[in-house]
Amino acid sequence: MKAFSITAALAAFALVSAIAPATVRADAAKPVLRAGLTLEVSTLDPARATNYGENIIVLNVYDMLVMPMPDNTVVPWIAKSWDVSDDRKTYTFHLRDDVLFHDGKPVEADDIAFSMRRVLTLPGLVGGYLRNVDKDKIEVVDPRTVRFNLKEVDPTFIRALVNLKILNGKLLMANKAEGQYGEFGDYGVKYLQSKDAGSGPYYIADFKAGEGITLKAFEGYKLRPFEPGAPVEVKLRIIPEIVTLENKMLAGEFDVSLVSPSPPRVKIFADNPKFAVDQWPTLNNYYVVMNTTKPPLDDVNVRKAISHAFDASTAMNKIYSGGIRLKGPVPEALLGKCEGIATYEYDMKKAAEYIAKSKYSADDLKKFKLEYASTAGSEPFEKVGLLLTLNLKRIGLNAEVKTVRWTDIVAAQTKPESAYPFVFFYDSARVRHPSPLLSFYTKKGWGAPYPSGGIYWENPEVTALMDKASLLPDGAPEQYALYCEAQKKIAAEAPAIFAHNDIRVQPRWKYLVKAAKQDGGSSQYEYRFETFRFDTKDPDFVANQSK
Amino acid sequence: MPDSLSFPSVSVQAPVVRLNGLRMDFHTGDGVEQVIKDVTLRIDPGEIVGLVGESGCGKSVTAKLLLGILPMPPAVVKAGSIEMFGRDLAGLPSGEREALKKFVAYVPQDPSAVLNPSFTIATQMIDMIVWYESDRKLATYFRKRHTRTVVSRARDHAAHLLEKVYIADPEQVLRRYPVQLSGGMRQRVLLAMALSGSPQLMIADEPTTALDVTVQKRTIDLLKDLVEREGLAGLYITHDLGVAREICARTYVMYAGTTVENGPTGPLLDAPLHPYTRGLVEAIPSLEGGLPRTIPGQVPDYLAPPRGCRFAPRCPEAFERCRETPERVEQAPGRQVACWLYGKEAA
Amino acid sequence: MRFLRRVLNMLVVLLFVSLLMFVLVRVLPGDPVGAALGDGATKEQVEKFRVQMGMDKPLQVQYLAYLRGLLDGNFGVSLMEPRDVGTIVRERLPATLELVLCSLALAIVVGVPLGILAATHRNGPVDQASRLWSLTGVSFPNFWAALMLQLVLGAALSLVPITGRITGPPPEHITGLYLVDALLSGNFKAMGDAARHLITPTIVLAVGPLAQITSMIRSSMLDELAKPYVGFSQAVGMPRFLINYKYVLRNAFSSTLTLIGFLFPLMIGGAFVVEKVFAWPGVARFGADAILANDYNAIVGVTLVICLFVVVVNFVTEELYVALDPRIRLER
Ligand SMILES: Nc1ncnc2c1ncn2[C@@H]1O[C@H](COP(=O)(O)OP(=O)(O)OP(=O)(O)O)[C@@H](O)[C@H]1O
Ligand SMILES: [Mg+2]
């Protein structure tokens with residue numbers, strides 16, 4: 001039986017290679033995963049990676065102390081266990097002793113300390129999640145033990161650790177370039193631009209800026225066994241145009257799409273018997289935040305009217321490829337059950353009623369120019385803007401869409417005078433915890449260089465609830481009850497339009513039996529390629545591998 | 001000298017040109033322009049014939065027809081015959097028609113415009129000379145044009161031709177671009193070019209109007225001299241009856257597409273028969289001063305020309321009969337006129 | 001002497017462009033630091049970064065420092081891809097140049113004869129087709145065409161690769177233009193490979209310029225054909241072929257040369273879409289990304305290098321123009 005199918009596969013392959021002009025030989029035992037990225041990969045440095053492509057690469061090249069799970073918990077990973085002090089400010093991590101970097105050196109406590117210091121020193125997104133760690137009190141107890149001290153109690157600390165990628169400190173120091181960080185030189189920034197210093201399941205075999213990257217399986221990987229039929233090599237090409245990427249999928253040059261296709265294009269794959277289309281909800285939460293200091297948005301009735309005037313289901317299903325309605329800043333997937341939240345269904349009549357209740361007269365309302373900042377380069381953002389502003393005009397508000405660059409939006413949000421009346425954006429909830437999402441509705445989050453930093457809304461009760469919750473053991477039901485309470489109070493005053501969290505649509509060739517899956521790890525972490533699986537006997541697989 | 005033996009030889013006995021009762025229309029977007037109604041014209045070997053008439057009478061059209069550059073369509077020959085060098089052009093294949101061009105020298109009106117601004121005189125003359133030697137075959141032409149000996153021989157020939165038109169330093173002129181030459185010099189270069197084939201006939205369409213008066217005079221003298229020396233026949237188109245008297249043995253008077261009168265130039269101008277010719281002669285400014293009398297009215301609209309004699313609407317002596325087209329009658333030896341005032345019935 | 005003066009002129013233009021761009025990107029709203037550091041950056045980090053990039057100093061000091069850097073071939077560090085902009089541009093420019101030059105060549109090689117045919121056979125089928133073509137070609141939906149060609153030639157028929165510059169190993173680096181490098185090093189396998197990749201993007205990028213060149217050649221040929229020297233050449237019996245291709249084309253081509261000088265920068269602009277659709281690792285895409293990311297050094301660097309090429313191309317076309325038209329040459 002086995003012999004037969006191998007013969008069949010070989011025959012199929014011979015046939016295909018006779019037709020196909022390409023001459024690369026496919027080795028069924030060594031599957032290669034081929035996929036495209038629509039954004040440039042401009043760095044491979046975990047501290048600087050920002051777009052999804054960079055994140056996926058970093059995720060496969062590096063490992064963390066803890067690994068997130070689909071149920072929003074984390075499990076020990078490089079750290080086999082940890083102790084927490086009574087004041088919940090000191091964390092001691094005990095490391096596994098069998099984890100190796102790609103250069104063969106073991107992962108030790110000083111590498112962890114190095115990685116933490118580096119992330120806190122270098123500017124960037126990741127450092128922000130770990131801001132509470134006291135940089136000067138990182139202790140290497142012994143080669144297998146490391147201790148962190150927090151400046152203040154932080155219920156999200158363990159979860160935030162999934163953002164700390166462990167780097168090979170010795171390798172980076174041996175390759176440091178001149179820089180501003182004293183004995184650390186440039187902290188290996190230059191080196192990491194194009195090279196890896198990780199211990200993850202794949203290592204960087206080749207990287208060409210603007211073209212693509214090739215990863216290869218790391219033989220010495222111990223933290224999790226590779227799936228049988230997992231790719232031994234991953235070739236990611238930069239394909240800036242998504243339709244080109246889909247064309248390459250259809251041509252069999254790519255096995256899976258790492259980006260969701262636009263809704264009308266999904267059907268092409270759904271109707272093709274060679275493809276399967278997976279769908280699952282993500283934690284990408286879409287909001288239209290309002291600058292509540294700008295009249296008439298300082299009037300709760302006007303904000304409620306606006307919330308009612310937003311056609312959420314059209315935005316979610318026609319502009320995006322489906323999703324789940326949001327009721328407040330935190331999606332149900334993170335918050336769990338939380339009953340009794342005020343919701344604002346699409347209803348122009350109710351919108352008009354709230355407008356009538358406003359402290360502003362109809363004539364006054366017309367006078368305020370309300371700009372909707374649409375991030376330059378994003379078509380769906382603009383469409384959502386047109387959808388919203390059209391309805392706002394119908395209830396007598398003078399709203400219009402303005403295309404603004406992301407960097408300019410972020411800069412404007414830091415001051416109440418310059419913050420845009422409306423900004424549409426999504427938050428991918430990287431810390432996987434309600435508190436960061438809710439923090440923008442307390443004074444703590446005001447003026448952050450982020451769209452939500454420009455809301456400038458608070459309610460003392462909400463602040464009190466949040467403070468109380470931060471003192472409770474993380475994940476305790478009482479803590480979540482407080483978050484639920486806060487969510488209700490926020491939603492009641494509509495400081496933002498809570499739109500939806502979207503759905504990831506993943507077309508793949510059927511021979512890629514297992515690609516990213518909702519249960520393959522939590523959001524983003526499902527893209528660990530060692531969990532992917534090819535059916536290496538599928539004739540399509542054999543044919544496509546040589547393309 | 002290029003050998004003319006490889007070309008069809010042309011008869012030197014027969015009239016060089018014979019147009020007989022030529023009628024020709026132009027099919028334009030506005031309709032059919034009946035420009036040429038009845039052109040009858042003969043040029044004998046060694047003879048210069050003048051063609052005079054008001055602007056718009058069809059003189060240039062006639063010249064272009066003979067030069068073979070009248071685009072057809074829009075021009076359509078309706079009646080009559082065209083003979084050159086004793087051959088009827090109607091039945092002639094286009095290759096042979098083209099080959100005849102070598103025997104026709106063309107001296108155009110504006111010497112500045114007809115020379116190609118982007119090439120030296122040498123290039124333009126050598127191109128022509130080599131082409132005339134190439135038996136109308138492009139391949140032969142390109143081979144010869146890139147053979148050093150052929151080119152240098154052609155260059156020498158070009159210099160020789162320039163000398164014939166009394167250019168003192170031909171080498172210097174050959175190296176020049178047209179813009180670097182004066183108008184008179186350019187006209188001479190054109191005359192030299194005109195000689196580069198084996199011309200039997202020279203067609204000059206108002207060759208001096210673009211030149212200033214002194215240069216005009218010299219060019220006319222040169223032209224006359226050349227024609228005599230080379231033994232050419234010529235068709236000389238002009239507005240200037242004085243010039244016609246000076247160089248043309250015979251002259252045709254043309255009005256609205258009809259050669260209304262012809263004869264030896266002197267008697268024709270001294271005692272014009274046709275009222276139109278009379279009008280033209282009286283329009284010459286006289287030495288005594290005083291305004292010349294002009295012919296009232298203008299050349300007819302060719303889209304709807306008058307029936308019968310086309311001059312009748314402007315003619316002081318027009319009468320009933322002029323509604324019909326007059327016959328051309330021989331009034332004196334070598335003197336013909338197409339007008340109802342003359343002929344058997346009128347006499 | 002004249003040559004020296006022209007080179008000096010070019011330098012002045014470049015200096016001016018550098019100054020203009022330098023000031024413009026800094027005056028326009030937008031904060032590059034936010035973009036570079038991400039939204040988690042603290043105030044001190046931002047301040048440190050500004051000092052590190054020299055952004056705390058007055059503009060004129062920054063500009064002089066930038067110019068001094070330029071003299072050492074140092075364009076400053078890009079924010080998007082923290083390397084020297086000069087290095088990035090050096091890596092990516094050949095890809096764009098190869099694409100643009102091939103397209104320009106295609107547009108000329110096809111457009112010129114097409115324009116001649118249209119002019120010499122006026123109102124004939126070629127003329128009608130080319131007139132329709134000039135109308136539609138100029139407003140051709142590049143983007144859509146690129147995707148369709150990709151789908152048909154690439155995905156369905158597998159005649160050409162869908163994306164990229166080369167599949168196998170690139171030829172030895174000499175000029176960075178793969179076709180040229182492959183030819184110089186005798187690597188014909190790489191040459192075929194690179195040529196196959198060039199086909200579709202070249203066609204797509206050439207469509208617009210081709211239409212423009214065709215209609216330009218057509219109309220200037222018609223202008224020339226109406227000139228008296230053409231009638232004269234005909235009257236003296238010169239053959240049509242010589243008249244059209246030696247005399248008329250030469251004069252008609254000078255105006256087209258000027259057009260080509262204009263087309264070149266436009267095509268670099270148009271290369272952006274093509275580079276995006278065909279995942280072509282060129283500099284146009286990098287430049288567009290730089291603008292979105294507010295990457296000062298990258299914007300100025302890319303603009304300067306493209307400007308340099310535009311200036312050089314204009315210089316060349318102008319010299320050619322002069323060489324072709326003695327009237328201008330003689331006036332100097
Ligand atoms: N290609 C053509 N198509 C249509 N009509 C034409 C064409 N060529 C000449 N004609 C018409 O023929 C008539 C005679 O023109 P022609 O150039 O022969 O006049 P002419 O006697 O040479 O006048 P001039 O003394 O001004 O040169 C004009 O009315 C002109 O409109
Ligand atoms: Mg005329």
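Colleague: Which residues does B:E47 touch, not counting residues up to four places away in sequence?

Modeller: Before that, a note on what we are reading. This is a predicted model, in which local features need pLDDT of at least 70, side-chain atom pairs count only at pLDDT 80 or more, and totals for chains, interfaces and linings use all residues. Residues are numbered from 1 along each chain as its sequence is written, chains are lettered from A and ligands numbered from 1 in the order in which they are written, and side-chain values use heavy atoms, with hydrogens and water left out.

Contact means heavy atoms within 4.5 Å. By that rule B:E47 touches B:R42, B:L232, B:A233, B:G234, B:A249 and B:R250.

Colleague: Where is B:E47 found, and is B:E47 buried or exposed?

Modeller: Buried means under 20% relative accessible area, exposed over 50%, and partly exposed in between (1.4 Å probe, protein chains only). B:E47 has 12% relative accessibility and so counts as buried. Its place is the loop between β2 (31–43) and β3 (48–52) of chain B; helices (H or I, at least four residues) and strands (E, at least two) are DSSP runs, numbered from the N terminus.

Colleague: Which backbone nitrogen does the side chain of B:E47 reach?

Modeller: That of B:D44, at 2.8 Å. A polar contact is a pair of N or O atoms within 3.5 Å; within protein, one must be able to donate a hydrogen and the other to accept it, and residues adjacent in sequence count only if both atoms are side-chain atoms.

Colleague: What does A:S115 touch, not counting residues up to four places away in sequence?

Modeller: A:S115 lies in helix α3 (residues 109–121) of chain A and is buried, with a relative accessible area of 1%. It touches A:L164, A:K165, A:I166 and A:L167. A polar atom of the A:S115 side chain is 2.8 Å from the backbone nitrogen of A:L167. In sequence A:S115 and A:K165 are 50 residues apart, yet their C-alpha atoms are 7.1 Å apart in space.

Colleague: How many residues of helix α2 of chain A are buried?

Modeller: Nine of the 10 residues in α2 (residues 52–61) are buried, so the helix is largely enclosed by the rest of the structure. Among them are A:I56, A:I57 and A:V58. The cover over the buried residues includes β1 (32–37), β8 (202–208), β9 (212–217) and β10 (233–238) of chain A.

Colleague: How many residues are in the largest nonpolar core?

Modeller: A nonpolar core is a set of buried Ala, Val, Leu, Ile, Met, Phe, Trp, Tyr and Cys residues joined through side-chain atoms within 4.5 Å. The largest has 180 residues, and B:M202 is one of those with the most contacts inside it. Helix α11 (residues 240–277) of chain C gives the largest share, 15 residues. Domain 1 (13–85 + 201–299) and domain 2 (105–199) of chain B both contribute residues, so this core lies between them. Those domain bounds come from an automatic or database domain assignment.

Colleague: What area do domain 1 and domain 2 of chain B bury between them?

Modeller: The size of an interface is often given as the accessible area lost when the parts come together. Here it is about 1600 Å², 63% of it on carbon and sulfur atoms, where buried area is the accessible area (1.4 Å probe) that two parts lose on being put together, summed over both. Six residue pairs are in polar contact between these two domains of chain B (both at pLDDT 80 or more).
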